[in-house]
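Work through the exercises below with the sequence and the model at hand. Each task is followed by a solution in steps.

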Amino acid sequence: MRIIFAVLLLVSFPFQSQTIDACKQRFNKYLNLKGTLAKDVVFENDAFHILAANKSKEFSIYENELKVLSVFFENSNTDDQLKLYQFKGTKKLSKDQLDSIWLSLKDEIKIPKISGNKSLQGLRIALDPGHFAANYSESKIEGKFVKLVSEEARNKDTITLVEGQLTFMTADLLKRMLEDQGAKVMITRAKAGYTAFEISYTDWFRFHRFRVLDSLVAIKEITATECTNYKKLSKNQLFWQFFRDYELVERARKINNFYPHLSVIIHYNVDDKNAPWTKTTHRNTSMCFIPGGFNPTDLKKTVNKLHFVRLLVSDQIKKSELIGKHTIHAFQKNLKINTAKQIDTDYLMKNSLVSEGEGVFCRNLILTRYINSPLVYGESLYQDNTIECTLLNNCNYESYNVAVPQRVYQVSKAYYEAILNYFKDPLLKTSEL
Ligand SMILES: [Zn+2]
């Protein structure tokens with residue numbers, strides 16, 4: 001039996017780098033934001049250690065455990081990961097313990113195997129259309145709209161764009177394109193205007209907030225005092241202080257329950273130097289985010305240490321870098337706009353690490369951290385660009401019997417081509433990654 005499983009392991013994961021040295025390189029290049037984790041993670045020749053707040057060793061992985069534990073972290077939920085983290089601590093697992101973890105995982109292993117005539121047959125792809133508002137009044141709560149007067153438009157009309165509406169149209173078209181190729185696609189919110197809880201924020205606030213907050217006290221997610229304080233907040237305040245992050249975690253939970261081979265998070269950007277976005281800008285760039293770029297604050301919570309260990313021992317970051325490169329390439333080809341450099345924006349300079357892909361940055365956002373699959377978080381263009389805002393405001397194109405801006409169709413097509421090219425890429429199946 002053991003021989004069969006060992007063969008399966010080799011067949012399924014030929015591309016994983018299973019040495020402590022490979023983990024160290026991954027740590028230095030993608031995970032350690034500007035060297036800030038030097039006092040939180042320690043590497044030795046045959047092990048790495050995660051340190052506790054008092055700087056004692058809290059959790060260790062040894063070289064002979066890497067193969068099994070990298071598969072474990074990619075194929076388990078955070079409850080099971082926490083049990084292992086606490087049970088194992090700095091101990092070395094015995095051969096019997098490693099075998100039993102491996103046996104418990106054998107049915108869960110995700111093998112991206114393409115079968116049949118369609119190029120994405122059998123693959124599960126998760127799509128997350130960023131934000132949730134589909135109208136101006138809801139978008140004002142999440143601050144994700146632009147209301148622009150184009151300096152160059154002759155009649156100086158105001159253009160209002162709602163990002164949550166653009167992302168939903170994009171994901172909806174992309175879903176149909178991927179399903180035509182045989183993929184199984186899940187989308188984190190079913191309707192325009194819905195949050196990941198399948199209702200609008202307005203309805204969640206009106207009908208569900210007291211029940212949800214009470215239930216979170218019952219499972220000790222929040223304290224009774226926090227609950228009382230949250231209940232006093234206005235709709236706007238509760239969004240910023242609680243709901244925004246709570247809903248992002250729900251998106252990640254839904255995605256992880258789907259066990260995707262790939263996740264795509266769809267956003268439309270604005271020029272950060274053009275705040276408060278009341279006039280247009282001539283700047284316009286594409287960029288993508290992938291996991292990585294942790295700082296010491298990110299490692300304070302145990303759940304974040306679990307995500308960190310998964311990213312350190314698995315090749316999810318390298319696969320994310322690969323889909324990131326294909327996405328940027330497809331943006332360039334279909335949209336014909338420039339690719340961002342780190343120096344272009346303050347948030348890239350402060351909070352991201354450059355990867356091997358031009359325009360692909362490691363950034364530790366809730367979704368890039370929580371989602372347990374290779375992923376790309378795309379920011380295809382600036383909505384407040386002088387030309388883009390007019391293009392995005394005009395539903396002049398029909399695709400799958402839906403009227404959309406042609407620009408939205410082009411963005412969907414770019415993601416579609418990137419996904420096809422990613423799954424075709426020989427690097428995905430070799431040790432070159
Ligand atoms: Zn966004």
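**Exercise 1.** Determine in which hand α3 passes α5, and which residues make the contact.

Solution. α3 passes α5 in a left-handed crossing; a crossing is left-handed if the near helix is turned anticlockwise from the far one by less than a right angle, and right-handed if clockwise. This is a predicted model, in which local features need pLDDT of at least 70 and side-chain atom pairs count only at pLDDT 80 or more, while totals for chains, interfaces and linings use all residues. Residues are numbered from 1 along each chain as its sequence is written. Helices (H or I, at least four residues) and strands (E, at least two) are DSSP runs, numbered from the N terminus.

Next, take the geometry. The axes of α3 (residues 66–74) and α5 (residues 95–105) come within 10 Å and cross at roughly 35 degrees. Axes are lines fitted to C-alpha atoms, for helices over the stretch in contact, and angles run from 0 to 180 degrees between N-to-C directions.

Then list the residues. α3 contributes V68, V71 and F72, and α5 contributes L98, I101, W102 and L105; contact means that C-beta atoms, placed from the backbone, lie within 7 Å. The contact of α3 with α5 has 7 nonpolar residues, no polar and no charged. Ala, Val, Leu, Ile, Met, Phe, Trp, Tyr, Cys and Pro count as nonpolar, Asp, Glu, Lys and Arg as charged, and the others, Gly among them, as polar.

**Exercise 2.** Find where helix α10 bends, and name what covers its buried residues.

Solution. α10 (residues 235–257) bends by about 50 degrees at F243. The bend is the angle between axes fitted to the seven residues ending at a position and the seven starting there.

The buried residues of α10 are L238, F242, F243, Y246, E247, R251, A252 and I255. A residue is buried if 20 or more other C-beta atoms lie within 10 Å of its own, exposed if 12 or fewer, and partly exposed in between, with C-beta atoms placed from the backbone. Their cover includes β4 (124–129), α8 (201–218), α9 (224–231), β8 (262–269) and α14 (366–370). Just after α10, Y259 takes a positive phi of about 50 degrees.

**Exercise 3.** State which strands pair with β9, and in which sense.

Solution. Two strands pair if DSSP finds at least two bridges between them. β9 runs parallel to β10 (residues 338–339), with 2 bridges, and T285 has N338 as its bridge partner. β9 also runs parallel to β12 (residues 360–363), with 3 bridges; here I290 stands opposite C362. With β13 (residues 375–382) the pairing is antiparallel, over 3 bridges, and F289 is partnered by Y377.

Finally, check the burial of β9 (residues 285–290): 6 of its 6 residues are buried. T285, M287 and F289 point one way, and S286, C288 and I290 the other.

Notes:
Two residues are in contact if their C-beta atoms, placed from the backbone, lie within 7 Å.
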